[in-house]
Structures are given as C-alpha cells and as structure tokens.
Amino acid sequence: MITVRRATREDIGDLTDLFNLYRTWYRQPADIAAARKFLLERIDRDESVIFCAFEGDKLAGFTQLYPIFSSVRLLPAWLLNDLYVAAAHRQKGIAKKLLDAAAAHGRERGAAWLLLQTGNDNYTAQAVYEKNGCQRVSDYFYELPLAEL
C-alpha cells in the first residue's frame, strides 16, 4: 500500500538518503551532511513543503515545493522543484500520488498553479508530467493549473 504525507524532522534520515540520490542523478557530488542540513533548514524554517511517499513502511519517493506568487493572477503558486522515486519503487504510481498531493496542497491554499521544473533531458519526468495534465511552458518548466482563470 502506498501512502503520502508531509515530511517531518522524524523522516530526515531516510529522506536525506533519497535526496542525496536525487542530487547525484542530477550530476551533483554526493554530500549527505550538506543534504541533511539543507532539508532540516527547509523544514525548520517552514521554507518548503516536502511530501514523502511510503510503500508499506519504506520511503519510496518525495517531492519538494517552494512557495511563489503570481503577480498577474494576484494569487499564490508553488514551484515543484524536486520529485524523485527510488529505483526499486518505480512504475507503481508513486510519482502520480506525489503530484496529486502537491496539487491538493496547492488547491487547499488557493494557488493559481504548480510550476514544475525538470532537466530538459529528463524524458521520464516529462512523460509523467504530461500524462498527469501538466503543460510544457519551456524546456525546463511545466505548469499544472489549479485555479480557474
């Protein structure tokens, strides 16, 4: 069974390991200590929202959102900057569940949209985003509308 919930400090150990894998996938050097510090700062300062997906009791994936704003729409919005599913848990709908949790969070807070960022060569993420209603707005960004125009 797959469950998704907002991350807390108690998740930091497994979350740090997964976040470090995510960063190395983007060709960044592994750095567990720096990854842990970064995540704890985001959680402690309430600067981002991190959702964790669990398959049973195992952390399977996460997504991290940062608050932004739409001046034109006069509404809040969210940047979905990070989404990662561990290799052993892929092809099970976990990315969709994380996207759904992010969208629900945005809607609950009256957001205009989610802006999703990915690498222009991350075809897997692009396919997942497009399959789930996101629209490409540039090489690196997709948008998922949340509020009516």
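1. Fold order first: along the sequence this predicted model runs β-α-α-β-β-β-α-β-α-β-β. That comes to four helices and seven strands. With a radius of gyration of 15 Å, close to the 15 Å from the globule rule for 149 residues, the protein is as compact as a globular protein of that length.

2. On overall dimensions, the C-alpha atoms fill a box of roughly 40 × 30 × 30 Å along the principal axes. Of the contacts between residues at least 6 apart in sequence, 58% join residues at least 24 apart.

3. Now the inside. Buried residues make up 44% of the 149. The largest nonpolar core has 26 residues, and Leu80, Leu83, Leu114, Leu116 and Tyr129 have the most contacts inside it. Elements giving two or more residues to this core include β3 (58-70), β4 (75-85) and β5 (113-117), but α3 gives the most, with seven.

4. Have a look at Leu80. Beyond its neighbours within four places in sequence, Leu80 is in contact with residues including Leu65, Leu99, Ala102, Leu116 and Tyr129. A second, separate core has 17 residues, among them Ala35, Leu39, Leu40 and Leu59.

Notes: Residues numbered from 1 in each chain as written. Predicted model: local features only at pLDDT ≥ 70, side-chain atom pairs only at ≥ 80, totals over all residues. Heavy atoms only, no water. Core = buried A, V, L, I, M, F, W, Y, C linked by side-chain atoms within 4.5 Å. Buried < 20%, exposed > 50% of the residue type's maximum accessible area, 1.4 Å probe, protein only. Contact = heavy atoms within 4.5 Å. Rg over C-alpha atoms; globule rule 2.2 N^0.38 Å.
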